[in-house]
Amino acid sequence: LCPSEPDFVQQWNLSLRAAMLNAEVKNALEQFGRLENTPASVSKMACAILSRVNRSLGKVTALDIVDAAKSMDRNPFVSSLTGVTPLELLLCVAMYRMHRARQRPSFTFDALAQELNEMGSKEQLTHAKDCGRSVLVRAFENLLTLGIATAHKSGSGVRGAALKEYKNIVFVVADEELREAIRRHPNAIPGLADYMEHESLRAAHTV
């Protein structure tokens, strides 16, 4: 990769600096950094960029960096969440709030449904409280299938799926992964990410 020209290093550094000033490069690296920000991930990114360098050109381009960032932007949770329904995304935010705002390491399905109903009191989220219990259960079970959450089932009752109960629910998605999924979701409710940091919940009474 390194030719014998005496000014190669200088030209290489100049081209790299120019590429890093590109707006698309900045956006791609910021997006990557929100989800992956460790020495190992930076090393992998550097290798991915170098593998794309055109030997005949002999320098890093903005396209090399953007293409490398896109190739590594495959977080499984973010990918799964961008394909869920708006209701399932609302459930994810409700689970996040149970952990962070309510400070509950785990919780029951009843507590989760109550949290979702409280979110439905906000004007933008009124439809959050309009779903029947069986609909909520099916949405939650899809999140379990995707590995977005874990839970223990305590019973199914006499009416089958409509009365299934879950306890010890844990939301396993990181904060930034959920924010990124909301940002990318094609049908996310406007302002939904704001409800992850709703100030009034910080001092709210624990359910």
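1. Let's start with the helices and strands: the protein chain has nine helices and two strands. Along the sequence they follow the pattern α-α-α-α-α-α-α-α-β-β-α.

2. A word on what you're looking at: this is a predicted model, where local features need pLDDT of at least 70, side-chain atom pairs count only at pLDDT 80 or more, and totals for chains, interfaces and linings use all residues. Residues are numbered from 1 along each chain as its sequence is written, and side-chain values use heavy atoms, with hydrogens and water left out.

3. Take the contacts (heavy atoms within 4.5 Å) between residues at least 6 apart in sequence: 65% of them join residues at least 24 apart.

4. Now have a look at α1, residues 8-20. Its 13 residues reach 18 Å from first C-alpha to last, close to the 18 Å expected at 1.5 Å a residue (that is, 1.5 Å times one less than the number of residues).

5. Which residues of α1 are buried? They are Phe-8, Trp-12, Ser-15 and Ala-19. Down the helix axis, the buried residues of α1 fall within an arc of 70 degrees, so they line one face (the arc is taken over directions from the axis to the C-beta atoms). They pack against α2 (23-35), α3 (39-50) and α4 (62-72).

6. On the face of α1 turned away from that buried side, you'll find the exposed residues Val-9 and Arg-17.

Terms used. Helices (H or I, at least four residues) and strands (E, at least two) are DSSP runs, numbered from the N terminus. Buried means under 20% relative accessible area, exposed over 50%, partly exposed in between (1.4 Å probe, protein chains only).
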